[in-house]
Amino acid sequence: LSISLSLGTITITFLLISIAKGHTHSVLTVSVHGKVMVTGSSDKTIRIWDLAENTEVQRAGFKDDQVKKVVYSNKDSVVYALTSQSLKAWDIRTDPKTCRTAALTEFPSALLYPEGDFIYYSTGISVRSWNIGSWSLAGVLLGHSGHVMSLEHATIDDKKYIITGSRDHFCKIYDATDGIASSRVPTATLNPPHFDGIEAVACSGEYLFSGSRDTTIKKWDLRTRKEQGAQRPAHKDRVQALAAIPSRNYLASAARDGTLHLWSQEHFTVKSKEGKSLLCEVNAHPGAAIFDVKYHDNMLFTASGDNTVKVWSVK
């Protein structure tokens, strides 16, 4: 599949370049750095892929424990994983049986590692900060009344923030400048809320995008904490994943119906012919949901219910 579009001064080339096959159930999550891709699946495995060869090179399996989120740290060669029952850290240079594990009792959904001393994960209506060095609980983010489904981080004027998206329809912002080693409430709640649960959030500079089960994507200014506009609907089905493409100032969105959209961030709220907001629409995974989308090195990676990850060139 290859798509080439010219929209005024914008030229987009969108090309399917490879498909990672091997998982036996839905691929729920993907993380990429350099030539290493890490995937997690409801088949209860984490798989490591060599993108240069498009081959699986390592695998870790977990009994009765589907892998919901993975984040790969290239600096440490460590995969951090959130499963249905635990938080794990696997140094891929070692036997996966030796990975560090912490048992979880609540509903785990989102995982974030902005580099540094802490990793963040959601369980139920709260978010926990976890000290990687001591492998122990450090703090907790409070304030939501619904399950927290997505996490993001941002730096504005040298201040660091953790941003949450929840099934209570709200995004909240937490000050994490000094690390989160205690209980903390939000510094801001973004209004107006979505009409249904938020499944994805993505930051691009000083802007935040939130995607919801209500099929809408909203754009927020993180400085003013104000809504800058919305696409209603952005997809025909619930929005499940978002990824910023900073090199082109695009936003990628993926939905439960298997569609992948590319948006202009600059013209996100514009619907005129002079500045189209929707740049490209692709039926990326026909008949199967897209659960995750990531951007790295001019490529998009879509993890799907058809048991594959597709790799797309975006130029």
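Which residue in strand 14 is the bridge partner of asparagine 131? In this predicted model, where residues are numbered from 1 along each chain as its sequence is written, local features need pLDDT of at least 70, side-chain atom pairs count only at pLDDT 80 or more, and totals for chains, interfaces and linings use all residues. Side-chain values use heavy atoms, with hydrogens and water left out.

View 1. The bridge partner of asparagine 131 in strand 14 is serine 136. Strand 14 (residues 136–141) and strand 13 pair in the antiparallel sense over five bridges; strands are DSSP runs (E, at least two residues) numbered from the N terminus, and two of them pair if DSSP finds at least two bridges between them. Both belong to an open sheet of five strands with mixed pairing, in the order 11-12-13-14-18. Strand 11 and strand 18 (183–184) are the edge strands, each pairing on one side only.

**View 2. The salt bridge between arginine 128 and glutamate 106.** These two side chains meet at 3.0 Å, N to O, in a salt bridge, defined as a side-chain nitrogen of Lys or Arg within 4 Å of a carboxyl oxygen of Asp or Glu. Arginine 128 lies in strand 13 (residues 126–131), whereas glutamate 106 lies in the loop between strand 10 (100–103) and strand 11 (108–112), so the pair ties together parts that are 22 residues apart in sequence.

**View 3. A network of salt bridges.** Asp43, Arg47, Glu56 and Arg59 are linked in this network, in which the closest N and O atoms of arginine 59 and glutamate 56 are 2.7 Å apart. Arginine 59, at 47% relative accessibility, counts as partly exposed, and glutamate 56, at 26%, also counts as partly exposed (buried means under 20% relative accessible area, exposed over 50%, partly exposed in between; 1.4 Å probe, protein chains only).

**View 4. The largest pocket.** About 1,300 Å³ of space lies in this pocket, and among its 48 lining residues the closest to the centre are Leu111, Leu151, Asp292, Val293 and Lys294. A pocket is an open set of points on a 1 Å grid over the protein atoms alone, where a 1.4 Å probe fits, with protein on both sides within 12 Å along at least five of seven lines; lining residues have an atom within 4 Å of a point. The volume is the space filled by probe spheres set on the points, which are joined across faces, edges and corners. Strand 15 gives the largest share of the lining, seven residues.

Notes: Helix = DSSP H or I, 4+ residues; strand = E, 2+ residues; numbered from the N terminus.
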